[in-house]
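Here is a friendly note to read alongside the model. Keep the 3D view open and find each residue as we come to it.

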Amino acid sequence: MVGIKPTDLAPTTAVKFVGAGTAACIADLVTFPLDTAKVRLQIQGEAQLGHGAQAVRYRGVFGTITTMVRTEGARSLYSGLVAGLQRQMSFASVRIGLYDSMKQFYTHGSDSASIVTRLMAGCTTGAMAVMFAQPTDVVKVRFQAQVRLADGVKRYNGTMDAYRTIARDEGVRGLWKDNLPCHFTAALGAGFCTTIVASPVDVVKTRFMNSTSGQYSSAMNCAYTMLTKEGPTAFYKGFVPSFLRLASWNIVMFVSYEQIKRAMMRTKTSWESPF
């Protein structure tokens, strides 16, 4: 339409959905090594309980990355990337891409929304995103925690093999390991109360997702075991990479999201108004 700039047009739900997922994938590609380092640090104390002091292999975020590159190769920093990208396409697309639509649903199409309405919309899309993306998150954590041994033995041979193996050995519920309140609290804590509040829940989530069948009876049991056997500091393992990853991920994600939305709207406008 003549005289209307593409940036003046409101992006459609489809544009927001695809744009949010794509931007989240770009952010994950940039920050994935930090996320992997965080997971390794978070589970390190657990390994130490079974193997003694020699199990302490990683010290600090950059020390962890350096050790992984030296002992397992640079590709190990991106172990679980496929599941990570699957998670972002399913999680961010729903959580961010459908937020405005859900907000309008609660306001019956009105542009004005109260704080309560915004919280309801955020909680709804957040819960939906967790339900859709939980299996991909479990597989991602398992791959990031998997140490490449000298004899080539691996816990899983590939992403699809991980889904099949977990479903076969632990049941379909194993793909949704980590209960909804624990995971959702981690998401809210990271978004609203910064890494300081979210870190303990995030560590428990990582430990519980990576645990073998029967190792912990629940997320609360996992937290209690950590507290009694490793002390309160165990809940802040991987704090630095977690903080760095959270900050850099959000910057890359939202900058990419805005650019992708604009590009998609420009393309849409050019197709609708060729002359």
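In which loop is D178 found? D178 sits in the loop between α6 and α7 (180-192).

1. **Before we start.** This is a predicted model, in which local features need pLDDT of at least 70 and side-chain atom pairs count only at pLDDT 80 or more, while totals for chains, interfaces and linings use all residues. Residues are numbered from 1 along each chain as its sequence is written, and side-chain values use heavy atoms, with hydrogens and water left out.

2. **The overall plan.** The protein has 10 helices and 0 strands. Here helices (H or I, at least four residues) and strands (E, at least two) are DSSP runs, numbered from the N terminus. Reading from the N terminus, the order of elements is α-α-α-α-α-α-α-α-α-α.

3. The protein has 275 residues, and 45% of them count as buried. Buried means under 20% relative accessible area, exposed means over 50%, and partly exposed is in between (1.4 Å probe, protein chains only). The protein exposes about 14,300 Å², with carbon and sulfur atoms supplying 65% of that area. Accessible areas come from the Shrake-Rupley method with a 1.4 Å probe, and for residues only the protein chains shown count as cover.

4. **Contacts along the chain.** Among contacts in the protein with a separation of 6 or more, 75% are between residues 24 or more positions apart. Contact means heavy atoms within 4.5 Å.

5. **Back to D178.** Is D178 buried or exposed? D178 has a relative accessible area of 4%, so this residue counts as buried.

6. **The largest nonpolar core.** This core has 14 residues, and those touching the most other members are V139, F143, Y156, A162, Y163 and I166. The elements giving two or more residues to this core are α1, α5 (115-145) and α6 (159-170). The largest share, 5 residues, comes from α5. A nonpolar core is a set of buried Ala, Val, Leu, Ile, Met, Phe, Trp, Tyr and Cys residues joined through side-chain atoms within 4.5 Å. As background, nonpolar side chains tend to be buried together in soluble globular proteins. For a view from one member, look at A162: leaving aside neighbours within four places in sequence, A162 is in contact with V139, F143 and Y156.

7. V39 lies in helix α1 (residues 13-51) and counts as buried because its relative accessibility is 1%. Not counting residues up to four places away in sequence, V39 touches V141, Q144, A145 and T206. A37 is also found in helix α1, and its relative accessible area of 0% is why A37 counts as buried. Which residues does A37 contact, leaving aside its neighbours within four places in sequence? They are V61, T64, I65 and P241.

8. **Aromatic pairs.** The structure holds 4 aromatic pairs. F32 and Y78 form a stacked one, at 6.0 Å centre to centre and 10° between the planes. Rings of Phe, Tyr and Trp (its six-membered ring) pair if their centres lie within 6.5 Å; planes under 30 degrees apart count as stacked, over 60 as edge-to-face and the rest as tilted. This pair links distant parts of the chain, with F32 in helix α1 and Y78 in the loop between α2 (61-72) and α3 (81-95), 46 residues apart. F32 is buried because its relative accessibility is 0%, whereas Y78, at 32%, counts as partly exposed. Y236 and F239 form a tilted pair, because their ring centres are 6.2 Å apart and their planes are at 55°.

9. **A buried lysine.** K140 lies in helix α5, and its relative accessibility of 7% is why K140 counts as buried. The side chain of K140 makes a polar contact with the side chain of D35 (2.7 Å). A polar contact is a pair of N or O atoms within 3.5 Å; within protein, one must be able to donate a hydrogen and the other to accept it, and residues adjacent in sequence count only if both atoms are side-chain atoms. Leaving aside neighbours within four places in sequence, the residues in contact with K140 are F32, D35, G80, A83, G84 and R87.
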